Amino acid sequence: MEAIDIDHDLVVVEEFDALYHFSLPSIILPIMPTSMDPHTLRDHTLRDQLKCRTKGLLHSAVSAAVAVVLTIPFISKLPLTDVVRRRSVEVNNVAELEAKDGEGAKRYPAKQHARKVAKELGTDTGVIYLPGQLESTWEDSDQGPPFRQRRYFYYLTGADFPGCSVTYDIAADKLTLWVPFTPPATILWFGNTPSPENCMERSDVHDVKYVGELAGYLSARLATVKTLYALRPSQLPKFEGFEQMRAGLKIDVSSLQPAMDEARLVKSEYEVAMIRRANDISSIAHRGVAKHMSSFKNECEVEAAFVAACTAANAKTQAYPVIAGSGPNASTLHYGSNNESLAGRQLVVLDAGAEWSCYASEVTRTLPVGPRSRFTSEARAVYELVHRMQDECIKRIKPGVVFRDLQLQATLVAVKGLLELGILRGGTAEEIFKNGTGAAFFPHGLGHHVGLDVHEFVSSFSFLFSTPPIPFKPLPLLSPQPQPPVFIPVSCRRNNNTVSSSVLSRDLLRPAGEGMWGKRRPIGPQSVRAMIKQAANEAAAPVSPSNSSSSSGATSSQPQPQQATASKSATQQDPAAPPLPPRSSPTPIPAAAPTTPQPSSPASSSSSSPSRKDVRSPPPPQPLRHNTLSPQQQIDIQQRIQQNTQQQQQQQQSPQQQQKSSNSTSQRRRRATHNTLQPNMIVTVEPGVYFCRPYIEAYFLRREEHARYIDPDVLERFWAVGGVRVEDCVLVTDAGCEVLTTAPKGADLLRMMGYA
């Protein structure tokens with residue numbers, strides 16, 4: 001007897017027949033004569049057997065059909081399960097999710113999004129053109145990666161299939177989706193694509209046409225409008241005759257992306273619903289993994305259980321690669337192997353989130369492994385500390401809050417907790433906090449925006465980073481033993497496969513108040529110091545009337561305190577910011593390379609300073625023969641030089657160039673609002689405490705400025721913990737915030753798993 005395990009209830013196939021059994025009407029047979037010859041009797045016997053078998057088959061078929069029909073509503077309300085090696089892993093209730101999704105089912109708000117983009121562009125004329133993604137194959141193969149729609153295109157259309165394009169005529173307020181025609185032969189092999197009628201039903205666009213008509217439309221419309229907006233040169237139209245038209249067009253490939261980023265910053269109600277749905281699916285998957293954690297033997301089983309639960313809920317795409325790191329692997333922020341045994345491990349960090357209708361979620365839970373005896377007091381203490389960090393930050397979320405301040409709050413809570421555990425020592429919490437030593441254990445950003453990408457607006461912050469963030473190298477003087485080659489990601493390499501120390505300094509020391517980052521942004525000691533100093537300067541700076549009336553609050557006044565800081569001398573430093581240690585101080589700028597400021601000061605960030613290639617004159621004054629200036633004085637001198645250079649360049653610019661420069665500055669200040677919370681923003685809050693031995697030993701235990709605050713004997717007991725992280729998606733509301741992630745955490749999670 002084969003049974004189906006559905007939410008711990010056994011539904012036996014034979015019970016259906018007993019439950020829904022009914023008798024068929026008897027077949028009235030003619031009365032047989034009492035006397036028959038043997039041949040006649042044999043014929044009647046065969047006929048009776050045939051009738052009995054026919055009646056039995058008909059009876060069984062009707063019974064089975066009735067049972068199936070009557071039990072469909074019953075089965076649809078039961079949670080599905082997936083059996084992996086005889087271990088039942090509960091997955092999402094698909095029927096309930098579909099019903100929940102149907103309550104607020106709406107067409108995709110494409111028109112609303114397009115009008116937001118036009119408003120951010122600040123123009124009432126022009127044509128926006130965006131091509132969708134095409135299908136691709138791997139090199140030397142007829143197979144390819146799963147299709148992933150371009151997110152900027154999807155924002156204006158809601159169309160998630162290849163070969164499309166979109167145009168938005170701003171003056172006419174007409175949004176047109178251009179879709180491919182699918183020949184019958186293609187349908188045979190790969191299926192059909194949505195028709196124009198289907199697209200109109202799903203998405204709120206003005207018109208849907210076949211892409212074959214696009215060239216004629218653009219040729220006619222651009223002959224009149226003359227202005228074309230595109231994301232980048234590679235995405236300009238490629239129809240025959242476009243190159244001949246280019247000379248008479250105004251083509252803008254720089255304004256559209258920041259405008260779309262600004263539009264995507266505050267989510268529409270539809271977007272909030274999609275992200276909420278993604279979080280619902282991810283939360284139920286996390287709950288299912290936690291319930292069956294005791295039966296898993298390897299990290300790969302943790303990953304498989306989560307992905308299976310999401311797939312069963314029809315969320316077939318993960319927003320990012322699953323992280324299932326146990327023991328020491330939990331201290332690697334983007335661990336991806338997920339293939340080691342759980343034997344002897346205390347904790348596993350499961351960082352995984354599903355995607356729904358192209359909208360992402362990001363959820364992290366840290367789960368105890370094995371019997372209760374293996375959940376040590378050290379692991380429990382760190383677990384409680386990290387959840388306390390998150391609680392302190394979430395309760396402070398509301399419109400107008402600068403995310404940098406939440407980062408500092410999480411760091412301060414971590415320092416206080418590590419002092420209580422004895423890992424930190426030799427100073428007060430405030431002293432250790434201001435020294436930046438807390439970055440040894442909380443080394444990344446607190447959170448980031450979530451939307452169509454799990455890390456929203458990564459490209460829009462390119463003006464903040466000269467290169468993608470990567471860890472810095474240990475100082476040679478502090479590492480006397482031979483050092484292995486340092487791996488540098490391909491995206492960060494230069495022609496000689498190296499990254500200069502100035503590039504690393506600009507990236508690691510940049511004040512974190514300029515943007516919001518998650519685990520992909522390293523926060524080192526100097527970043528913490530710079531954030532503390534920047535926050536103190538903003539608190540002390542007078543607020544102008546224009547800023548006081550702004551809804552952005554502290555963010556709108558950020559550029560002014562930075563400029564004020566640039567004019568301070570070493571004797572006027574804010575007492576809230578401790579002086580930088582000698583080894584961390586910027587080196588003197590030689591006369592041959594005077595144009596790149598050191599970024600250890602908030603005022604010297606690239607967002608407010610010209611790049612090296614832009615500064616050519618006037619030549620800087622010769623440095624002193626003997627370096628008697630403090631590091632801060634050297635920075636002040638370089639900043640004054642840059643300010644004079646900028647003034648001279650502005651005087652030499654034409655009115656058109658000055659207007660363009662003014663618009664660029666306005667865009668940079670507007671983008672700074674990404675760091676100030678507004679209603680309907682969705683951000684993550686993902687604090688963590690990690691015990692990564694190579695990182696802590698190389699950058700903190702070998703540096704006296706930090707080593708004096710760390711107790712290595714106590715730390716030895718915590719290496720085996722690995723790391724703890726908790727992460728939720730949070731919606732900023734008018735009155736505060738709403739946590740969209742519903743997966744159990746903290747004491748509730750431990751209670752559910754039997755560790756309370």
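Close-up 1. Trp 189 counts as exposed, at 68% relative accessibility (exposed means over 50% relative accessible area, buried under 20%, partly exposed in between; 1.4 Å probe, protein chains only). Trp 189 sits in helix H6, residues 184-190. Helices (H or I, at least four residues) and strands (E, at least two) are DSSP runs, numbered from the N terminus. Together, Leu 188, Trp 189 and Phe 190 make a nonpolar surface patch of about 500 Å². Patch residues have over 30% relative accessible area and no salt bridge; nonpolar side chains (Val, Leu, Ile, Met, Phe, Trp, Tyr) are joined within 5 Å, like charges within 9 Å. Accessible areas come from the Shrake-Rupley method with a 1.4 Å probe; for residues, only the protein chains shown count as cover.

The model is predicted: local features need pLDDT of at least 70, side-chain atom pairs count only at pLDDT 80 or more, and totals for chains, interfaces and linings use all residues. Residues are numbered from 1 along each chain as its sequence is written, and side-chain values use heavy atoms, with hydrogens and water left out.

**Close-up 2. Salt bridge between Asp 204 and Lys 111.** The two side chains meet at 3.3 Å, N to O. A salt bridge is a side-chain nitrogen of Lys or Arg within 4 Å of a carboxyl oxygen of Asp or Glu. Asp 204 lies in the loop between helix H7 (196-202) and strand E8 (207-210), and Lys 111 in helix H4 (residues 110-121), so the pair ties together parts 93 residues apart in sequence. Asp 204 is partly exposed at 22%; Lys 111 is buried at 19%.

**Close-up 3. Salt bridge between Arg 221 and Asp 169.** The closest N and O atoms are 2.2 Å apart. Arg 221 belongs to helix H8 (residues 214-225) and Asp 169 to strand E6 (residues 165-169), 52 residues apart. Arg 221 is partly exposed at 25% relative accessibility. Asp 169 is buried, at 2%.

**Close-up 4. A salt-bridge network around Glu 456 and Lys 267.** Glu 456 and Lys 267 pair at 3.8 Å, N to O. Both are buried. Shared partners join Arg 148, Arg 264, Lys 267, Asp 453 and Glu 456 into one network.

**Close-up 5. Helix H17.** Of the 16 residues of H17, 14 are buried, so the helix is largely enclosed by the rest of the structure.
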